[in-house]
Structures are given as C-alpha cells and as structure tokens.
Amino acid sequence: VQTCALPIYQVLAAIVVSLADQGKATKPLLHEAALALRQAIYIAPAYAKYHATLAQVLSHQGRYDEAQKEVSRAVELEPSDGPHYALRVGDYQNIRMQTLFTERNTNQLREEREGMGEMFDNAKLEFDTKLEAMRIQVFGLLGLLAAIIAFIVTGVQVASHQSLSNASGLMIIVAASILAVFAGFRLLFLNEKGDKAGGRRAYVVLGLCTLVVAVVWCAARWA
C-alpha cells in the first residue's frame, strides 16, 4: 500500500512546490510536503526524483544547504543509461541554480534590511541629538526671558519709589541676583552635554562680579 502511495506523495509535493513558486504555500504546507517526500525516500531511497522535489521544498523553507545536498543526491541516483537521463539531470541542475539564486537574493534582502535598520538607528540618533539641542535652546531662552522680565518689572517698581542714585544701586543688586538665579537655572536644568561647563561658569562669574559691585556700592552708600 505504501509503495502505491509513492506517486501520490510526489504529485502532492509537486503541487505544493508550484504553490510556493507563486508565493501561496504556507509553512505548515511546506512542512507536510517535506514529510511526505521523506517518507517516500524512506520507502524508495534510490528514486532520484523524490530527492529533487525534496530539494525544491527545502529551498522554499530556506534550508539551502540541505537542498543542495538533495540535488546532488538526485544527480548521483539518476540512472545514466535511462532514456531521459539528460533531461532529468538538466532539470536537477536547474533546481540547483534556482536554489543558489534564491539563497543569494535572500541574503541580499537580509543585508539590505539590516542596512536600512542601521540607517534608521542613525537617523533616530541624529533626530534625538537635534531635539536635545532644541530643548536646551528653548530652556535657555525661557530662562533669559524670565530674567529680562523680572529685571524690567523690578526696575519699574524701584524707580517709582526711589531716587536715581538709590535706584541705580538697587538695580545693580537686582541685576546681580537675577544673573545668579539664571546661572542656577542653567546649572539645574541644562546638562553638560547640551550646555558646556565653560558657558555656565561664565554666567556664574558674571553674576558674582555684579554682586561684588553691588556690595561695594552698598558699603560706600551706607558707610
């Protein structure tokens, strides 16, 4: 009974290969075809056609090395004195070339996919870097804007209640305080990567210098 079923195995496997060539064969279907062909080879191991068809199924499964071995086995087993020897060996060699071509295309697609993945990662890194730089600029501008507004508002209030000399001294103190706060803002919210340490130190030094001037003025004023 098993021997009578062998042609059926071959026909079913050939149909699956045809579907696979059209991109319509599922992985379970290819698996079943491979099992059927291995069963056929187990019963009739010397029949070259089974090995050749199994090679096609294995190629569609991505098992290219095994497929090449099955093609070589088919060529070895094909009777050289058979009436269709040349045609069948030609078919086997065609299967070999198709397997090589499919493997090369698959590897090329894999390399291109990996290259695109690397390109995407680089683009994402560049975008994140630019976004971080924009975030730093926005924080810096917000801090500077807040400092300017505070200075203007305080200046207006001081000028309306003090004499010019007193207002000038008080404005120096206010300016020193605002510079100190702005420098602290940069220290707290901007990191080393986006805001260089030298730039931040400049704000601190400027604030301290202004504060020293304010202290000297106060000492001279109320001495």
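## Helix packing and selected residues

Helix H2 (residues 27-43) packs with helix H3 (residues 48-60) at an angle of about 155°, and their axes lie 10 Å apart. H2 is therefore roughly antiparallel to H3. The structure described here is a predicted model. The crossing of H2 and H3 is left-handed.

On the H2 side, the contact is formed by Leu 30, Ala 33, Ala 34, Leu 37, Arg 38, Ala 40 and Ile 41. H3 contributes Tyr 50, His 51, Thr 53, Leu 54, Val 57, Leu 58 and His 60. By class, the residues of this contact comprise ten nonpolar, three polar and one charged.

The structure contains one aromatic pair. Its members are Tyr 47 and Tyr 50, whose ring centres are 4.5 Å apart; because their planes stand at 65°, and an angle over 60 degrees counts as edge-to-face, the pair is assigned to that class. Tyr 50 also belongs to the H3 side of the contact with H2.

Glu 76 is located in helix H4 (residues 64-77). Between Glu 76 and Val 89 there are 9.4 Å in space, C-alpha to C-alpha, while in sequence the two are 13 residues apart.

| Residue | Relative accessibility | Class |
|---|---|---|
| Tyr 47 | 34% | partly exposed |
| Tyr 50 | 6% | buried |
| Glu 76 | 57% | exposed |

Conventions:
Residues numbered from 1 in each chain as written. Predicted model: local features only at pLDDT ≥ 70, side-chain atom pairs only at ≥ 80, totals over all residues. Heavy atoms only, no water. Phe/Tyr/Trp six-rings, centres within 6.5 Å; stacked < 30°, edge-to-face > 60°. Buried < 20%, exposed > 50% of the residue type's maximum accessible area, 1.4 Å probe, protein only. Axes fitted to C-alpha atoms, helices over the stretch in contact; angles between N-to-C directions. Helix = DSSP H or I, 4+ residues; strand = E, 2+ residues; numbered from the N terminus. Parallel < 35°, antiparallel > 145°, perpendicular 65-115°, else oblique. Left-handed = near helix turned anticlockwise from the far one by under 90°. Contact = heavy atoms within 4.5 Å. Nonpolar A, V, L, I, M, F, W, Y, C, P; charged D, E, K, R; others polar.
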